[in-house]
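Dear colleague,

I am handing over the structure we discussed and would be grateful if you would look it over. My notes on what was found in it follow below.

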Amino acid sequence: MPAVPRTRTTLRRCAGVGAVALALLGAGLPATAARTGGEQPDLTRFYRQKVRWAACAEAELPKDMQCASVTVPLDYARPAAGTLDLALSRYRATGSSRGSVLLDFGGPGGSGVSGLAQQGKDFMGLTNGYDVVGFDPRGVGRSSPVSCGDGAQGTSDGASAEEPPDVGHPLALMKALKQLTQRCTRNSGPVLSHIGTVNASRDLDVIRQALGDRKLNYLGFSYGTRLGAVYAAQFPHNVGRMVLDGVDTLTESLAEQGVAGARGQQTALDDFLDWCVTDPGCPFGQDRRKAGEAVVKLVRSLDQDPVPSDFGGPFSGQDLVAAIGQGLYGRELWPRLERALASLTEDGDTRGAQNLMSGGYALPKGHGRGGGLVDGPEIPGDNLSAALMAIDCADDPDRPSAERLTRDIARLEPEYQRASPVFGRFRLTQILLCYGRPRGTDFIRDQVKDVPSARMLLVGTRGDPATPYSWTVETAKRLGPSAVVLDNRADGHTGYTSSTCVHGKVDDFLLYGMLPADGSSCPADGDGSAVTGSSD
């Protein structure tokens, strides 16, 4: 879960962006989510719908994938006030099916339909027992995508000729954020006021019922772990087999998240440099101490004197920091990051670094505001960053004043720099993320705890640059006895697709109900160690 993907570019443009059991009615229709009180609105029509699968209409989606939609209320408090259609996709079970397993690929803002299309091969083992289903949450991808009106973010770097607002001038930065909020409101339509994880969790329960599943079987990555935890709090007795991989925090403020993220990314960078200096092609040489110093020096040099890029704007040190952050998401990306850094330092070529920033592809351009679905090519180019900001801010109740934020930046800057001389400044902007936006819910901080659900598997990776392992431990304690921790002693963000051991343990749980013992560990691939402990 990136803290603020392409935050600098987004700000530059100002446009870039329950403990109570679920009460059931006769035909399995919920009266209400857990932990809500008072008379509840009638959601019967939404819970009586059934998914109708068909071939996907978009040519770029795999031929063996099927697509569908589910309708949910725009506002659960006033279900007659409007609806939204949510996009679904699936690979059908190849053998006897025990229902569906839903995947959330993270973000927030990541499209589950596109994620399943691009990474489906990683989940084919699950089709031995499930239909494997992806979905686009409200405001994301094909499901009434939010936008701040900047289709140009689909370019591979998102560069602009304008100089970015400097965190050293927080009032200018906050003014830019306020303008950004106004543009997002104008361009996103009514869904923006009803976005966030609490509503997405309620949508998830409607999807579960529409799929015909008595329980929700779920595999969530990064931000998807937050969604899974909120679902377990709202609908504890509807939880089936749930796996949370790359566990998000449920309690930390944006300031606390930022410094933890900087510390985690610095650890990942140190691991990368330990590897890099063993390779004769490492652009920073073979002296480890000097390599670390060279990275800091390169970032500072580019901040002082940005270089031209092939994509229309200057490439600064903070752009490089964003690229390095993306390159640390998995060990399989390290050779590519090494080549990009070599091209930059030796030839002044920024293309490799800029492609890392964008994930290596250009996002589609387009726009969609209504409650219906949009096709992939019509998804706004800035939807990922616009949805990330909207969802994170809808989930965060803190809204410090401008004066408080100005003081906080001055007070926190040394701490961020100690956490990481490379990522500290980049992460410091995170504390301003929600300035100018309406106050978010306090449900997640106050009520997602001591969850009386079936046991859930939480996977934490020791070298995770985005969701520090400490968050796995903290969230497990908060969720209570239902949480079982698997310690992945490896590098990279999440473990399922990068660790043979984690992959096997997760599949064993989802397919056969074989849950590893709490505190079990998986070695990094190639270590030759065995996982410790298992239980049913």
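Rings of Phe, Tyr and Trp (for Trp, the six-membered ring) are taken as a pair if their centres lie within 6.5 Å. With that cut-off, F105, F123, F221 and Y496 form one aromatic cluster. Please bear in mind throughout that this is a predicted model.

Nine aromatic pairs are found in a search of the whole structure. One of them brings together F221 and Y496, whose ring centres are 6.2 Å apart; the planes stand at 55°, so this pair is tilted. F221 belongs to strand 8 and Y496 to the loop between strand 13 and helix 17, so the pair ties together parts that are 275 residues apart in sequence. F221 is buried, with a relative accessible area of 5%, and Y496 is buried as well, at 1%.

The rings of F272 and W334 make an edge-to-face pair, because their planes are at 80°, with the centres 5.9 Å apart. Here the pair ties together helix 7 (residues 254-276), which holds F272, and helix 10 (residues 334-347), which holds W334; the two parts are 62 residues apart in sequence. F272 is buried, with a relative accessible area of 0%, and W334 counts as buried at 3%.

A ring also takes part in a contact with a charge: the charged end of R462 sits over the ring of Y469, 4.1 Å from the ring centre.

Salt bridges

The structure holds 22 salt bridges. In one of these, the side chains of D203 and R138 meet with an N to O distance of 2.7 Å. D203 is in helix 5 (residues 197-210), whereas R138 is in the loop between strand 7 (131-135) and helix 4 (170-188), so the pair ties together parts that are 65 residues apart in sequence. Both D203 and R138 are buried.

A salt bridge also forms between R226 and D395, with the closest N and O atoms 2.5 Å apart. R226 lies in helix 6 (residues 223-234) and D395 in the loop between helix 12 (383-394) and helix 13 (402-419), so this pair ties together parts that are 169 residues apart in sequence. R226 is buried, with a relative accessible area of 7%, and D395 is buried, with 10%. R226 and D395 belong to a network of salt bridges that also links D248 and D392.

The salt bridge of D349 and R351 has an N to O distance of 2.8 Å. R351 counts as partly exposed, at 42% relative accessibility.

Disulfides

The count comes to five disulfides. With bonded cysteines counted along the chain, they follow the pattern 1-2, 3-4, 5-6, 7-8, 9-10. Three of them are described here.

C56 is joined to C67, S to S 2.0 Å. The torsion about the S-S bond of C56 and C67 is about 90°, so the disulfide is right-handed. C56 lies in the loop between strand 3 (54-55) and strand 4 (66-73), and C67 in strand 4, eleven residues apart. C56 is buried, with a relative accessible area of 15%, and C67 counts as buried at 17%.

C148 is joined to C184, S to S 1.8 Å. The link of C148 and C184 is right-handed, with 85° about the S-S bond. C148 lies in the loop between strand 7 and helix 4, and C184 in helix 4, 36 residues apart. C148 counts as buried at 2% relative accessibility, as does C184 at 2%.

C501 is joined to C522, S to S 2.0 Å. With -70° about the S-S bond, the link of C501 and C522 is left-handed. The pair links helix 17, where C501 lies, to strand 14, where C522 lies, 21 residues apart. Both cysteines, C501 and C522, are buried.

Helix 17

Helix 17 (residues 500-512) has 13 residues and reaches 17 Å from its first C-alpha to its last, close to the 18 Å expected at 1.5 Å a residue. Its buried residues are C501, V502, K505, V506, D507, F509, L510 and L511. These buried residues pack against several strands, among them strand 8 (216-221), strand 13 (483-491) and strand 14 (520-523). After helix 17 comes G513, whose phi is positive, near 75°.

Yours sincerely

Technical notes: Residues numbered from 1 in each chain as written. Predicted model: local features only at pLDDT ≥ 70, side-chain atom pairs only at ≥ 80, totals over all residues. Heavy atoms only, no water. Salt bridge = Lys/Arg side-chain N within 4 Å of Asp/Glu carboxyl O. Helix = DSSP H or I, 4+ residues; strand = E, 2+ residues; numbered from the N terminus. Buried < 20%, exposed > 50% of the residue type's maximum accessible area, 1.4 Å probe, protein only. Expected span 1.5 Å × (residues − 1). Contact = heavy atoms within 4.5 Å. Disulfide = S-S within 2.5 Å. Phe/Tyr/Trp six-rings, centres within 6.5 Å; stacked < 30°, edge-to-face > 60°. Lys NZ or Arg CZ within 6 Å of the ring centre and 35° of its normal.
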